[in-house]
Amino acid sequence: MAKIAILPGDGIGPEIVAEAVKVLKVLDLPLEMETAPVGGAAYEASGHPLPDATLDLAKSADAVLFGAVGDWKYDKLDRPLRPEQAILGLRKHLGLFANFRPAICYEQLTHASSLKPELVSGLDILIIRELTGDIYFGQPRGRRTAVDGHFPGADEAFDTMRYSRPEIERIAHVAFQAARKRGKRVTSVDKANVLETFQFWKDIVTEVHAQYPDVALDHMYVDNAAMQLVKAPKKFDVIVTGNMFGDILSDAAAMLTGSIGMLPSASLDKNNKGLYEPSHGSAPDIAGKGVANPLATILSAAMMLRFSLNQPQAADRIESAVGAVLSAGLRTPDIWSEGTQKVGTREMGDAVVNAIAKTT
Ligand code: NAI
Ligand code: MG
């Protein structure tokens, strides 16, 4: 019996996770689900966004299904107490280093993209973002009085961009292995022309590529990658990049597909244990209104079944059910257009559950 930690979080988190849990239950798999508070919900209950009990549950589980955390009302808290620290803490303690962000444009939603339909019709790309290194975690960092630079004596702030060889090697292996199961092409995105860290990145990705002669590799500077993503996104198959470039490019890619409410994500460790969550945040502007799109979370549950729980058929069933529901014309407000039927969070979840029930 596989164990799943269910961490709904705050904002729209509890609403969307409830729908994904309904979907998992109707599949009737040998799964045990246990729920714990995280983020703002945990802060309210116990004064910390990632309580020990929640972390212990996540560590003991085979996979974590996470909703979302964060609300403007916590912006004034000290950084370690903010809800977003929970997700950083989980990534760190679970050893999650590979973030998978697929950008898939459903045929039924082609018109919802910010690009022309012909540019995104059939789009299916995968962005793999390294999660443990880069300028987000490099030391030293801080504030000080400048001793040199353009304004000696002025206040300044600084961060350190940094990657180690093993960090780059393991994410490169993950990218080549993922590409093997798809279009067999990897684009490694860097800024090797300016940054030593990313010249090192480029050199090591090239070295690792020697072990994957069946996969094509090209290198692209991040500024060009941003341009190509909006010019001809279908040219990509797998994109692999560092923490910061991946953060930005994956959100840009999200908009190609119409709505961030449609996009799942997975963060994996070296044993394919993972944390699965929608790509979006806690959407405080629509929380509690029953209008959030639950499909990103439901599709994250499908990724969980495929990557961590070895249940690919069950994952296929969820993804087909989502396609069927979209084909039937059901739309939450974020993807609604003239001539389709506007539904709320719960109706959307129920429709997916019914579509799955029909395929047994
Ligand atoms: P957001 O993704 O929460 O919202 C951006 C926009 O997309 C909003 O207009 C929202 O209503 C809409 N949206 C998001 N998810 C949707 C859904 N499922 N259905 C329909 N519409 C949806 O990003 P934002 O506003 O930048 O951040 C809000 C809070 O979420 C912040 O506190 C932020 O730190 C946190 N956050 C948390 C993440 C996580 O839990 N992993 C990731 C990103 C942000
Ligand atoms: Mg982001």
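The buried residues of α6 pack against β4, β5, β8, α7 (196-209) and β10. This is a predicted model, and everything I say about positions is computed from it. The buried set in α6 is Glu167, Ile168, Ile171, Ala172, Val174, Ala175, Phe176 and Ala179. The helix covers residues 165-180, 16 residues in total, and its first and last C-alpha atoms are 23 Å apart, close to the 22 Å expected at 1.5 Å a residue.

Now helix α9, residues 243-256. Which residues of α9 are buried? They are Asn243, Phe245, Gly246, Leu249, Ser250, Ala253, Ala254 and Leu256. Viewed down the axis of α9, the buried residues fall within an arc of 160°, so they line one face of the helix.

What do the buried residues of α9 pack against? The partners are β4 (98-104), α5 (117-120), β5 (124-130), β8 (185-190), α8 (222-231) and β10 (238-241). After α9 comes Gly258, with a positive phi near 110°.

Next, the annotations. An unreviewed UniProt entry carries the annotation "domain: Isopropylmalate dehydrogenase-like" over residues 3-352. Over that range the chain is 39% helix and 20% strand, with end C-alpha atoms 23 Å apart.

The unreviewed entry also has a "binding site" annotation that covers Arg91, Arg101, Arg129 and Asp223. These residues span 133 residues in sequence, and the farthest two C-alpha atoms are 27.4 Å apart, so they do not all gather at one spot.

Taking some of them in turn, Arg91 sits in helix α4 (residues 84-93). Leaving out residues up to four places away in sequence, Arg91 touches Leu96, Leu131 and Ser267.

Arg101 is in strand β4. It has 23 C-beta neighbours inside 10 Å and therefore counts as buried. Its contacts, again not counting residues up to four places away in sequence, are Ile127, Arg129, Ser250, Leu263, Ser265 and Ser279. Among these, Ser250 is one of the buried residues of α9, and Arg129 belongs to the "binding site" annotation.

UniProt, in the unreviewed entry, also places a "binding site" feature at Asp223, Asp247 and Asp251. Asp223 lies in helix α8 and is partly exposed, with 13 other C-beta atoms within 10 Å. Asp251 is found in helix α9. It is partly exposed too, with 15 other C-beta atoms within 10 Å.

There is also a ligand. Ligand 1 is surrounded by 22 residues, the closest being Gly70, Gly261, His280, Gly281 and Asn293. By class, the shell has eleven nonpolar, six polar and five charged residues.

One more arginine: Arg317, in helix α11 (residues 312-327). It is buried, with 20 other C-beta atoms within 10 Å; the cut-off for buried is 20 or more. Arg317 touches Leu27, Ile356 and Thr359, not counting residues up to four places away in sequence. Arg317 and Ile356 are 39 residues apart along the chain, yet their C-alpha atoms are separated by 6.5 Å.

Last, some backbone details to check by eye. The peptide bond from Gln139 to Pro140 is cis, with omega near 0°. Pro140 is in the loop between β5 and β6 (142-145).

Which residue in the loop between β12 (274-278) and α10 (295-307) deserves a look? That is Ala283, with a positive phi of about 40° although it is not a glycine. Ala283 is buried, with 23 other C-beta atoms within 10 Å.

Asn310 is another residue other than glycine with a positive phi, near 55°. It lies in the loop between α10 and α11. Asn310 is exposed, with 12 other C-beta atoms within 10 Å.

That is what I had; questions are welcome.

Technical notes. Residues are numbered from 1 along each chain as its sequence is written. Chains are lettered from A and ligands numbered from 1 in the order in which they are written. This is a predicted model: local features need pLDDT of at least 70, side-chain atom pairs count only at pLDDT 80 or more; totals for chains, interfaces and linings use all residues. A residue is near a molecule or strand if its C-beta atom, placed from the backbone, lies within 6 Å of it. Ala, Val, Leu, Ile, Met, Phe, Trp, Tyr, Cys and Pro count as nonpolar, Asp, Glu, Lys and Arg as charged, and the others, Gly among them, as polar. Helices (H or I, at least four residues) and strands (E, at least two) are DSSP runs, numbered from the N terminus. The arc is that of the directions from the helix axis to the C-beta atoms. Two residues are in contact if their C-beta atoms, placed from the backbone, lie within 7 Å. UniProt positions are given in the numbering used here, feature names are shortened, and annotations may be inferred rather than shown by experiment. The expected span of a helix is 1.5 Å times one less than its number of residues.
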